[in-house]
Amino acid sequence: MSFTKQYFTALFLALVCTSCNLSTSTRHNSNTLKFEEKLQNVTLRIDIILRDTLPNREVKVSSISKMGEWTGRRGETYMVDNRPMGNFVYSLIDKETKDTLWVDGFCALYEEWAGTDYEGKRVIDYEHTILTPMPKRDAILVLEQRARNGKYSELLRQDITLDEVKECKSLLAPKVKTLRDSGDPKSTLDILILADGYRAEEESIFDAMADSLAKEWFSREPWSDYKDRVSFRTAFIASDIDRVGDCRKDTLASEQSILNCQFGWHGTDRYLMTNRIFAQTDYVGNTPADFVIMAVNTPIYGGGGIYNEVTTYSASNPLAIELLIHEAGHGFAGLADEYFDNAGDGLGDYYDTTCEPWEPNITSLKHFSDKWEELYKEDKAGLLEGAAYTTKGMYRASDVCLMRVLNEPFCVVCKNAVGRKIKEYLE
C-alpha cells in the first residue's frame, strides 16, 4: 500500500532541503574533546519560536532552562559533527575559547508552512525545543537555516550565561512504565511513547498497544540487531477528550488533549501533527528519551515524521506499526520519502538537483561517493531514477523499501542509515 500524493506533498516538506557545501563559520575552530572536558551531565533546554509574516521572518528565544540528567548521545565522534542533517543546524560555542562544543540539526513544522500554499493558510507561532548538554562555561548558541542550494544563513545568536539558567518549572509527571530496559541511559538508545487522546479509563488500551508495538518493533531490521541496546518506555497522562480534531476546523476548540495532535495540517486530510513542541518536552519531563513518539488514540489513518522534532501516528489503525516505523525513518533517522509522481515532478521544486541532498537515502549523483556508491559497485544496492517526488535528477537505491511503500522492509541503504543513527547513542 502506497501513500497518496496529497499526504506526501505536505507531510515531508520538512525533510526537503539540500546540502552541497557543509562548511560554515560557526563550525570552525572545533577541536577534538571528550564530553566531560567541556560539557556537564545536565540537560540545557532552549525553547524557540519561529514566525514568518512573509516576507518578514522572526526567530526568538522563548525561554532557557535546565532539566535533569543528560542521557543523550555523548560519543566524541558525534559531539561536533561537521555534516549534520536537517533544514536547521545549531552550534554551541564556548564564549571564551570559541571552540565548538556541540552541533546538531533538525527539521521543523514551520518550514513546511513557509513552503506550502493551501486554503486557509494563516500566520502562527511555531515551536521548537533545542536540547543539548549544559556547557561548563558561558557559551553562545548559533542557529542557522540551510537553503536548498546548501548554503547557510544565520537566524539567531544567543548568549548562554550559566548563572542565569534556572531549573525548568513546567515539567509534568506522567506515569512511566518500562517495557524494555537495556541498561544505563548514557550508553543506550531510549525510546519513549507518549499517550495523546487517551482517557483515564483507556490506560489499559494504551498499555496493550505499546506492549504489542515493542514486540513488533524489535522484529524489524535494523532494530532487531540492537534490541539489547535499546530501551523502550511509555509515558501516560490522561486526556479529558479522546476525539482527534482537524486543525482547519478546531483551531479555537476549548477541548484539547495535552499534545493536541490534529489532522489537516497544511491542508492535508491525513497529516496528523502537533505544534505543541514545548508541551511534548514538558510531557517527557526528566524521563530518558532520545527518540519520542506520540501515539494518538484514533483509528483514522495518518501520521507525520519531522526529523529531530516530532513523530506521530494513529495508534489504533490496522496499519499502525507499518506507519510508525516509516515515520520513525523520517523523525529519527532523517530519511527522505522515496515516492515520486510518474505524471509530474510534484515536489521537484523543493530540491536543487545540482546539489547533493543531505538525506542519506537519496542522491542527485553530485556526491554519490558520500552515499551508497560502494554498495552500488558491489551490486548490493541499486540506482533508480525517481525519488522524493522528483522524477528526474534524483535517485533511490531500490524499488522495494518502506520509505517508498508500506508493508515492505527497509532497503539496505535505509537500513544502514537507521543503524548508523542508533549507534550515535551507543558510543
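In this predicted model, four strands line up in an open sheet in the order 4-3-6-7, and their pairing is antiparallel. Strands in a sheet are held together through backbone hydrogen bonds, and the pairing can run either parallel or antiparallel. The edges here are taken by strand 4 (100-106) and strand 7 (152-160); each has a single partner strand, so one side of each is left without a neighbour in the sheet. On average, neighbouring strands of this sheet are turned by 15° against each other, direction ignored. Take strand 3 (residues 88-94) and strand 6 (residues 139-146): this antiparallel pair is joined over 7 bridges. One of the residues involved is isoleucine 93, whose bridge partner in strand 6 is isoleucine 140.

Who surrounds serine 65? Setting aside neighbours within four places in sequence, serine 65 touches Thr43, Leu44 and Arg45, along with Val165, Lys166, Glu167 and Cys168.

Turning to the helices, helix 7 (residues 320-331) has 12 residues, which at 1.5 Å a residue should span 16 Å; the end C-alpha atoms are 16 Å apart, so the two values agree. Helix 7 is also largely enclosed by the rest of the structure, because 11 of its 12 residues are buried. Among these buried residues are Leu323, Leu324 and Ile325, but also Glu322, His326, Glu327 and His330.

Helix 5 (residues 203-217) meets helix 7, with axes that come within 11 Å and cross at roughly 60°. The crossing of these two helices is right-handed. On the helix 5 side, the contact is made by Ser212, Leu213, Glu216 and Trp217, while helix 7 brings in Ile321, Leu324, Ile325 and Ala328. Sorted by class, this contact has 6 nonpolar, 1 polar and 1 charged residues.

Helix 9 (412-424) has 13 residues and reaches 19 Å from its first C-alpha to its last, close to the 18 Å expected at 1.5 Å a residue. Which residues of helix 9 are buried? They are Val413, Cys414, Ala417, Val418, Gly419, Lys421, Ile422 and Glu424. The cover over these buried residues includes helix 3 (76-79), strand 10 (189-196) and helix 8 (373-377).

Most residues other than glycine have a negative phi, and most peptide bonds are trans. The peptide bond from glutamate 221 to proline 222, however, is cis, with omega near 0°. Proline 222 sits in the loop between helix 5 and strand 11 (230-236).

Asparagine 308 has a phi near 60°, a positive value in a residue other than glycine; its place is the loop between strand 13 (303-306) and strand 14 (310-314). Asparagine 407, with phi near 65°, is also positive, and belongs to the loop between strand 16 (390-396) and helix 9. Are these asparagines buried, exposed or in between? Asparagine 308 has a relative accessible area of 27%, which makes it partly exposed. Asparagine 407 is partly exposed as well, at 44%.

How values were computed:
Residues numbered from 1 in each chain as written. Predicted model: local features only at pLDDT ≥ 70, side-chain atom pairs only at ≥ 80, totals over all residues. Heavy atoms only, no water. Expected span 1.5 Å × (residues − 1). Buried < 20%, exposed > 50% of the residue type's maximum accessible area, 1.4 Å probe, protein only. Contact = heavy atoms within 4.5 Å. Axes fitted to C-alpha atoms, helices over the stretch in contact; angles between N-to-C directions. Left-handed = near helix turned anticlockwise from the far one by under 90°. Nonpolar A, V, L, I, M, F, W, Y, C, P; charged D, E, K, R; others polar. Pairing = 2+ DSSP bridges.
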